[in-house]
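Please keep the structure open while you read.

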Protein chains: 2
Amino acid sequence: MQQVSRNKTFGGDIIKYEFVSKSLGGLTTQMNVFIPPNASDSAKVPVLYYLAGLSSTEDNGAQKGNFFASAAQEGIAIVFPDTSPRGANIPGEDDAYDFGTSAGFYLNSTKAPWSEHYRMFDLVTKEIPEVLVTSSLPIDVKRASIMGHSMGGHGALVSYLKTAEGTYRSASAFAPISHPTQSPWGTKAFDGYLSGGVEEGKAWDASLLLAKRSAKATHIYVDCGTADQFYQSGQIQPERLVEAAKEAGVQDSVLLNMREGYDHSYFFVSTFGADHVRWHAKFLQ
Amino acid sequence: MQQVSRNKTFGGDIIKYEFVSKSLGGLTTQMNVFIPPNASDSAKVPVLYYLAGLSSTEDNGAQKGNFFASAAQEGIAIVFPDTSPRGANIPGEDDAYDFGTSAGFYLNSTKAPWSEHYRMFDLVTKEIPEVLVTSSLPIDVKRASIMGHSMGGHGALVSYLKTAEGTYRSASAFAPISHPTQSPWGTKAFDGYLSGGVEEGKAWDASLLLAKRSAKATHIYVDCGTADQFYQSGQIQPERLVEAAKEAGVQDSVLLNMREGYDHSYFFVSTFGADHVRWHAKFLQ
């Protein structure tokens with residue numbers, strides 16, 4: 001893991017790293033890590049992952065999310081992975097904002113030629129925690145939670161629901177793609193990345209996973225703006241999560257806030273960024 | 001004034017406008033305006049201007065500055081002008097990051113061909129307040145303060161010191177170019193934009209203006225990081241402001257905070273953004 005840059009912020013540090021990823025078939029990937037000011041080898045801090053949305057990188061949440069004031073106060077590290085492999089050189093990879101580069105959908109592709117590199121789920125849920133453990137960073141990777149925006153909200157919920165209970169203590173999302181087998185973004189991604197198409201995509205659909213949830217504890221927090229154009233066009237469908245929780249008999253486990261007048265932008269995310277960090281802090285400490 | 005976009009944030013709105021600017025010789029310019037949630041026609045709010053640095057636009061401070069949580073609480077509007085004219089089509093205009101496009105230096109050019117369009121001082125100090133008065137926005141333009149970053153810090157200090165006392169109640173800056181007649185950025189700009197070169201530039205140098213200050217009240221607040229590469233290379237020189245205030249006999253009027261380990265980026269600006277808004281609020285209310 002090589003340090004690319006380091007900037008002091010809110011008393012802590014935001015550090016950009018790059019490393020060769022085995023999950024991504026040997027491509028180099030970058031991530032940002034915020035270390036709060038109180039962290040040390042003798043006082044390791046818990047970690048909150050932030051997964052960004054379509055057309056983003058590891059920088060959007062770090063620069064615009066408004067997470068660091070609260071993370072510094074709460075003593076929580078935040079890790080910002082990239083949104084896809086870079087430089088796989090697959091024909092068509094850069095043709096659309098919602099497929100290929102910057103649109104990895106946080107799944108493991110099973111369809112050639114994408115399956116060699118597009119394995120963001122393994123990167124986020126396995127490889128990055130392993131990389132953090134072997135680093136000298138003062139992070140206790142066993143205390144982890146996850147959040148994300150839009151495609152990254154989907155990624156956060158799916159990472160939470162597909163891993164062993166306790167891998168992440170809590171999950172939150174800003175305008176997540178909550179039912180991707182029934183949304184245009186999701187069906188395009190599943191058709192392209194998965195050999196079994198949308199049918200195989202059911203295993204990557206947060207609402208379908210939640211409806212079958214049998215874990216003892218489930219903690220999900222979602223914000224979505226009523227003026228969000230992608231909410232209005234049916235890409236987001238956060239209410240489906242509430243229905244799925246009812247089906248699973250864990251209706252108290254999903255808290256959905258519809259936010260009057262807010263849209264899909266980081267002007268929305270930043271408004272509620274500190275709330276999400278503080279909500280996760282209850283589970284991380 | 002045409003609305004380009006509008007996003008709800010921190011209970012208020014961030015609105016992008018464009019208008020044809022007479023200061024800029026008929027070019028169209030854009031600005032962002034944050035309106036806090038408590039503003040109304042019967043409860044107009046004061047205004048804080050934010051001037052951005054080299055290679056920026058009206059968006060950098062609005063997206064990364066971390067000003068809105070505090071501005072919403074304090075009930076202050078924030079106006080973000082652009083950093084230069086756009087589309088003047090002057091040969092060489094786009095050749096360098098520190099001259100021409102995105103580098104207007106918040107002065108009125110006196111040297112052809114720049115003088116027809118590069119009149120950012122008039123835009124910021126006269127035309128934008130006039131445009132705001134004629135708009136339907138709930139802003140009381142008579143209660144105004146100004147802040148900025150780097151080149152925009154220079155712009156904020158110079159706008160404060162060159163206008164009639166009371167035009168702005170207070171000025172603050174993040175790593176301002178404090179003594180541009182003695183900095184490479186400043187001398188390049190003055191040589192290029194002013195027919196009298198650096199000698200004429202003395203009238204646009206905050207430290208030289210402050211040294212001759214005779215106004216009754218002066219309120220200047222400056223943050224600068226000790227790890228700022230441009231501070232280290234002599235572009236910023238904030239200590240010169242403190243010396244100038246002593247020369248003018250107004251040493252209590254400048255508060256300079258050297259911030260250990262911080263650099264020149266928005267990771268620095270965002271850390272202290274709320275502090276600046278709250279400091280200005282004392283003068284604006």
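Predicted model: local features only at pLDDT ≥ 70, side-chain atom pairs only at ≥ 80, totals over all residues.

1. Extent of the interface. Chain B puts 21 residues in contact with 21 residues of chain A. Together the two chains bury about 1,700 Å². Carbon and sulfur atoms give 53% of that area. Three residues deserve a look on the B side: B:Lys8, B:Phe10 and B:Phe267. They supply 38% of the area that chain B buries against chain A, more than any other three residues.

2. How many salt bridges cross between chain B and chain A? The rule finds 0. Polar contacts are another matter: 14 residue pairs make them across this interface, with both partners at pLDDT 80 or more. On chain B, the elements giving two or more residues to the side that touches chain A are β1 (2–9), α1 (60–64) and α10 (266–284). By class, that side of chain B has 7 nonpolar, 9 polar and 5 charged residues.

3. Strand β4 of chain A. β4(A) runs parallel to β6 (residues 139–149) of chain A, with 6 bridges joining them. It also pairs in the parallel sense with β5 (residues 77–81) of chain A, over 3 bridges.

4. Strand β3 of chain A. Here 6 of the 8 residues (28–35) are buried, so this strand too is largely enclosed by the rest of the structure. Its pairings are antiparallel: 8 bridges join it to β2 (residues 12–20) of chain A, and 4 bridges join it to β5(A). For orientation, A:Glu18 stands opposite A:Gln30 in β3(A). On the β5(A) side, A:Val33 has A:Val79 as its bridge partner.

5. A buried lysine. A:Lys16 lies in strand β2 of chain A. Is this residue buried or exposed? Its relative accessible area is 12%, under the 20% cut-off, so A:Lys16 counts as buried. Leaving aside neighbours within four places in sequence, its contacts include A:Gln30, A:Met31, A:Asn32, A:Glu58 and A:Asp59.

6. A buried arginine. A:Arg240 sits in helix α9 (residues 239–247) of chain A. At 18% relative accessibility, this residue also counts as buried. Beyond neighbours within four places in sequence, A:Arg240 is in contact with A:His179, A:Ser207 and A:Glu247.

7. Cis peptide bonds. The bond from A:Ala112 to A:Pro113 is cis, with omega near 0°. A:Pro113 lies in the loop between β5 and α3 (120–134) of chain A. In chain B, the bond from B:Ala112 to B:Pro113 is cis, with omega near 0°. B:Pro113 lies in the loop between β5 (77–81) and α3 (120–134) of chain B.

8. Positive phi values. A:Tyr106 has phi near 55°, although it is not glycine. It belongs to the loop between β5 and α3 of chain A, and is buried at 1% relative accessibility. In chain B, check B:Phe105, where phi is near 60°. B:Phe105 is in the loop between β5 and α3 of chain B, and is buried at 0% relative accessibility.

Notes:
Residues numbered from 1 in each chain as written. Chains lettered and ligands numbered in written order. Heavy atoms only, no water. Contact = heavy atoms within 4.5 Å. Buried area = accessible area lost by both parts, 1.4 Å probe. Salt bridge = Lys/Arg side-chain N within 4 Å of Asp/Glu carboxyl O. Polar contact = N/O pair within 3.5 Å; in protein donor to acceptor, adjacent residues only side chain to side chain. Nonpolar A, V, L, I, M, F, W, Y, C, P; charged D, E, K, R; others polar. Pairing = 2+ DSSP bridges. Buried < 20%, exposed > 50% of the residue type's maximum accessible area, 1.4 Å probe, protein only.
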